[in-house]
Amino acid sequence: VNMVMKSGTNKFHGTAYEYIRNNTLNARNFFALTDDGMKRNQFGATIGGPIRRDKTFFFFSWQDTRLSQRPSSANMVVPSAAQRSGDLTGLPDEVHNPWDGVTYNAIDPENPTGPRLRTQLPAVGQPGGMDAATQNMFKFLALPNAEGNHSIFQTQIREKVPEYSLKIDQNFGTKDRLFGSFFMQNDETPIGGDPSNFITLSAGTQFTVHRWTFGETHTFSPTVVNDFHLTLSYTRTLFNSAQGLIPGFTWSEMGAKIPVTHAGPQFMNMGSDVGFSVWSGMPADWSRHNFQFRDSLAVVRGSHEIKVGVDIIKGYHLDAEYWNTDGAYSWGSDRTGSAYGDLLLGLPASFNQVSPTYWTGDRYLRMFFAQDTWRVNRKLTVILGARYEPMQNWKSREGEQVVFAPGQQSIMYPNM
């Protein structure tokens, strides 16, 4: 990405601004019951001028964006208080308990349309009893607040994006101009949710950019100019789990025998055919470092403007991810014939747990170009050029990279 930054001049100039969007000023959607609750403020300032007249100049800019918005309501189905205690009254499906071989909420063969038989599941600790970890999980799940066991909730959207940039220019006579610049951005969306209701959890992200650039333009003659740039850039993307908002809401603390693979907030990922789910956010750390050297030489000879240059990038990245490292549960209805039965008896349809991944890589990109802009006459300009840009793959520092190498056979997977 090429970024052009303003430079200061021999006079001081500055600006200040703010753009406002607010729900009190915006019209409500015709079909919505309430406004969107939006509060968006984007404000900033710039100032530039001389440090030494005709020699040294500066330009500084700052901008901040703040967003707060109320989205439309979310709706999930959760078990009632009676259902959480094992009362199956009113549920349509029979529950075939594999732990004790008994069918609960069974249809009475002598009175098929009458009251069901054995509508109460055994308590935790009793033969064929309900799952203790699931009961502990219910402590962090709010009861229904609408008809049909529906839970209606809202999660506020928040975001803030501060940005800063500074550029210094220095003139060394008429043939050399040196500059240095710095840019920083921090885009943050915080984690959110109600600590008493885990289905409201929302993940957070933080995107950080730092970029330092140094450049020098040297004029050999009016027809020969060299432009040099050196850039160091750093980006980091953090994905944060909201699980930490609810102390005790981890599988190990709720009684499930799942090994803990890392420190910090865990990734809670589960869903049930009853009608609720949670995605607390996957903890991850993606870092990118780039060191770039770029130089171009422009020469004017008659009707020809010739440019040649080189662009070399040394890249490094680190990926640390915790995808399903804390276990991912999915409850269906195939184990007992009832979504409530599978959930209450602790019989998931699937469980998945993955080891944390940590991978680093290095890469060199070497690019060369040459171009001739030939002005044949006032009506015709011909541009001829060539660019050499071989694509090179990343190389893992841990030696764990998987690539296709023609003519070579894997020693780890000989059948490949």
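1. Lys314, Asp362 and Arg397 are joined in a network of salt bridges, a salt bridge being a side-chain nitrogen of Lys or Arg within 4 Å of a carboxyl oxygen of Asp or Glu. The model is predicted, so that local features need pLDDT of at least 70 and side-chain atom pairs count only at pLDDT 80 or more, while totals for chains, interfaces and linings use all residues. Residues are numbered from 1 along each chain as its sequence is written, and side-chain values use heavy atoms, with hydrogens and water left out.

2. Aspartate 362 belongs to strand E20 (residues 357-377) and arginine 397 to the segment after strand E22 (395-396), so the pair ties together parts that are 35 residues apart in sequence. Helices (H or I, at least four residues) and strands (E, at least two) are DSSP runs, numbered from the N terminus. Aspartate 362 is buried, with a relative accessible area of 18%, whereas arginine 397 is exposed, with a relative accessible area of 52%. For these classes, buried means under 20% relative accessible area, exposed over 50%, and partly exposed in between (1.4 Å probe, protein chains only).

3. The salt-bridge rule gives a count of eight salt bridges. Side chains of opposite charge can pair when their charged atoms come close. One of the bridges links aspartate 285 to arginine 236, with 2.7 Å between the closest N and O atoms. Aspartate 285 is in strand E16 (residues 284-301) and arginine 236 in strand E13 (residues 224-240), so this pair ties together parts that are 49 residues apart in sequence. Aspartate 285 is buried at a relative accessible area of 17%, and arginine 236 is partly exposed at 31%.

4. A further salt bridge joins the side chains of arginine 66 and aspartate 64 (3.0 Å, N to O). Arginine 66 counts as partly exposed, at 40% relative accessibility, while aspartate 64 counts as buried, at 5% relative accessibility.

5. Ile47, Ile51, Phe60, Tyr164, Leu166 and Ile168 make a nonpolar surface patch of about 470 Å². The elements giving two or more residues to this patch are strand E2 (39-52) and strand E8 (157-172). The greatest contribution is from E8, with three residues. Isoleucine 168 lies in strand E8 and is partly exposed, with a relative accessible area of 32%. Patches are made of residues with over 30% relative accessible area and no salt bridge; like charges are joined within 9 Å, and nonpolar side chains (Val, Leu, Ile, Met, Phe, Trp, Tyr) within 5 Å. Accessible areas come from the Shrake-Rupley method with a 1.4 Å probe, and for residues only the protein chains shown count as cover.

6. How many cavities of 30 Å³ or more does a search of the whole structure find? The search finds one. About 40 Å³ of space lies in the largest cavity, whose lining consists of Trp251, Ser252, Ile258, Pro259, Val260, Gln266 and Asp326. A cavity is a set of points, on a 1 Å grid over the protein atoms alone, where a 1.4 Å probe fits but cannot get out; lining residues have an atom within 4 Å of a point. Grid points are joined across faces, edges and corners, and a volume is the space filled by probe spheres set on the points. The lining residues divide into four nonpolar, two polar and one charged. Here Ala, Val, Leu, Ile, Met, Phe, Trp, Tyr, Cys and Pro count as nonpolar, Asp, Glu, Lys and Arg as charged, and the others, Gly among them, as polar.

7. Two asparagines call for comment on backbone geometry. Asparagine 105 has phi near 55°, a positive value in a residue other than glycine. Asparagine 105 sits in the loop between strand E6 (103-104) and helix H2 (132-138) and is buried, with a relative accessible area of 1%. For asparagine 324, phi is likewise near 55°, again positive in a residue other than glycine. The loop between strand E17 (304-321) and strand E18 (328-331) holds asparagine 324, which is buried at a relative accessible area of 4%.

8. Two C-alpha separations complete the note. Phenylalanine 239, in strand E13, counts as partly exposed at 25% relative accessibility. Aspartate 342 lies in helix H4 (residues 339-344) and is buried, with a relative accessible area of 0%. Aspartate 342 and serine 165 are 56 Å apart, C-alpha to C-alpha, and 177 residues apart in sequence.

Definitions and conventions
On a 1 Å grid over the protein atoms alone, a cavity is a set of points where a 1.4 Å probe fits but cannot get out, and a pocket is an open set with protein on both sides within 12 Å along at least five of seven lines; lining residues have an atom within 4 Å of a point.
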